[in-house]
Amino acid sequence: MNVLVIGGGGREHAFAWKLAQSPKVQTVYVAPGNGGTALDSRLKNIPIADVVALREWAQANKINLTVVGPEAPLAAGVVDEFRRHGMRIFGPTQAAAQLESSKAFSKAFMQRHGIPTAAYEAFTDPVAAHAYVTRMGAPIVVKADGLAAGKGVVVAMSLDEAHAAIDFMLLDNKLGVMHNAGEGGVAVPRVVIEEFLEGEEASFMVLCDGKDVVPLATSQDHKRLLDDDQGPNTGGMGAYSPALVVTPQVHARAMREIILPTLKGMEQDGIPYTGFLYAGLMIDPQGQVKTLEFNCRMGDPETQPILMRLKSDFLDVLLAATEPGGLENRELEWDRRTAMGVVLAAYGYPLAPRKGDLITGLPVESETAMVFHAGTEQVDGTTRTNGGRVLCVTALGENPRAARQAAYEAIGNIRFDGMQYRKDIGHRAVRPVGEGAKATR
């Protein structure tokens, strides 16, 4: 089979890498891909981003399955476009992708269907937003209502931070995120302001075929830029799988109270959900679970350690998931070991990442370690930085401590100017229970 992966980040490199391992796959194309997918002889980059052009190319090249990685093509309706022309594609429709592309849509959906989440209000008027924050107090969470590449969430621990976030997102619209329901149909910025939740975060991802669900391995992301969960929020500085905080009881509760009601609610609303569904969970000390947000894709960098642990044929399960009821009674096989991924980010990330720095010392792929590329490109035979999160160095180990050691050893010889990365990925799994700060978001 010929397979197309849409996207150019670390998640898409991991998709393509795993799909290429299937004996049923002839060629994996990646559009547009990155410097790492360009180096892999099993993969072929396709420099196309436009939705219609991608569909036309896929038809002309007899693509048997297309898998969508990032959120932007989903929000642009790539699944609708492919399906209109009878092409097999895995992902949610444009309408279903509103679970991620609009925070206000997602919160209203959860409220309507009784899915546990933080209390909230949505605002387009800065004056009203400021008044609400003043009345509610801090800590409080301010979110841009739209796709902001993981940078649209501010966990404000003080009123000054909250007011600054409102000005940044609404008054100045520095994120450039617009909502199309303004007065007179004019696009305006909008924010969702949420109750602050305390506990420990986990990433809970499943495959959906519109009717049935297959859970993926659990994982835990590290959003803050700096060690000890300090610094600004990012798209993610590392992740590991499995997440110890997701006990069997928490897993059952997340499926029962969040995932299955979401699938049923979308069907009731006339928007059947197919594709990856990612629920960001907040788990309190009593094991109660609330939904922080939904993503309509796999997380990045969670995908990298999750797929390092997947032993089932990735192609088989994705093909099954494109058929209504195809996932019924299906189970996936997982490596019992821990996988840990550490992101190496560019100088200036997350606000102003620098591009063009030479990358050296990349290790060769092994059975227990893999470097997934994200913000890289090939320039005159050299690999250079081309984005904020540059690489995700991922390794397997018998336990979290061993996986962490293997990942940091694999980083050992990698160099590029301004390289920054956290030294404590997986700290909640490695430290004894009760030690260390809890994640709050």
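This note goes through the predicted model point by point, from overall confidence to single residues.

1. Basis of the note. The model is predicted: local features need a pLDDT of at least 70, side-chain atom pairs count only at pLDDT 80 or more, and totals for chains, interfaces and linings use all residues. Residues are numbered from 1 along each chain as its sequence is written, and side-chain values use heavy atoms, with hydrogens and water left out.

2. Confidence. pLDDT is the predictor's confidence in each residue, from 0 to 100. The protein chain averages 93, and 94% of the residues score at least 70. Residues 432-441 are below 50; beyond near neighbours in sequence, this stretch has 29 contacts in the model. A contact means heavy atoms within 4.5 Å.

3. Overall form. Along the principal axes, the C-alpha atoms fill a box of roughly 60 × 50 × 45 Å.

4. Secondary structure and contacts. The protein chain has 14 helices and 23 strands. These are DSSP runs numbered from the N terminus, with helices being H or I of at least four residues and strands E of at least two. Among contacts between residues at least 6 apart in sequence, 69% join residues at least 24 apart.

5. Surface and burial. Of the 441 residues, 58% count as buried. Buried means under 20% relative accessible area, exposed over 50%, and partly exposed in between (1.4 Å probe, protein chains only). The accessible surface of the protein chain comes to about 17700 Å², and 50% of it belongs to carbon and sulfur atoms. Areas come from the Shrake-Rupley method with a 1.4 Å probe; for residues, only the protein chains shown count as cover.

6. Charge. There are 44 positive and 51 negative side chains in the protein chain, and the centres of the two sets lie 2 Å apart. Lys and Arg count as positive, Asp and Glu as negative; His and the chain ends are not counted. Each charge is placed at NZ of Lys, CZ of Arg, CG of Asp or CD of Glu.

7. Backbone points to check. Most residues other than glycine have a negative phi, and most peptide bonds are trans. A cis bond joins S241 and P242, with omega about 0°; P242 is in the loop between β15 (238-241) and α10 (248-268). The bond from Y349 to P350 is also cis, with omega near 10°, and P350 lies between β18 (338-345) and β19 (358-359).

8. Positive phi. K62, in the loop between α3 (51-60) and β4 (65-68), has phi near 50°. It counts as exposed at 63% relative accessibility. N329, in the loop between α12 (314-321) and β18, has phi of about 65°. N329 is likewise exposed, at 75% relative accessibility.

9. Helix α1. In α1 (residues 10-19), 10 of the 10 residues are buried, so this helix is largely enclosed by the rest of the structure. Charged residues R11, E12 and K18 are among those buried.

10. V30. This residue sits in strand β2 (residues 27-32) and is buried, with a relative accessible area of 1%. Leaving aside neighbours within four places in sequence, V30 is in contact with V5, G7, A16, T37, K44, N45 and I46. A16 is one of the buried residues of α1. V30 and L319 are 289 residues apart in sequence and 18 Å apart in space, C-alpha to C-alpha.
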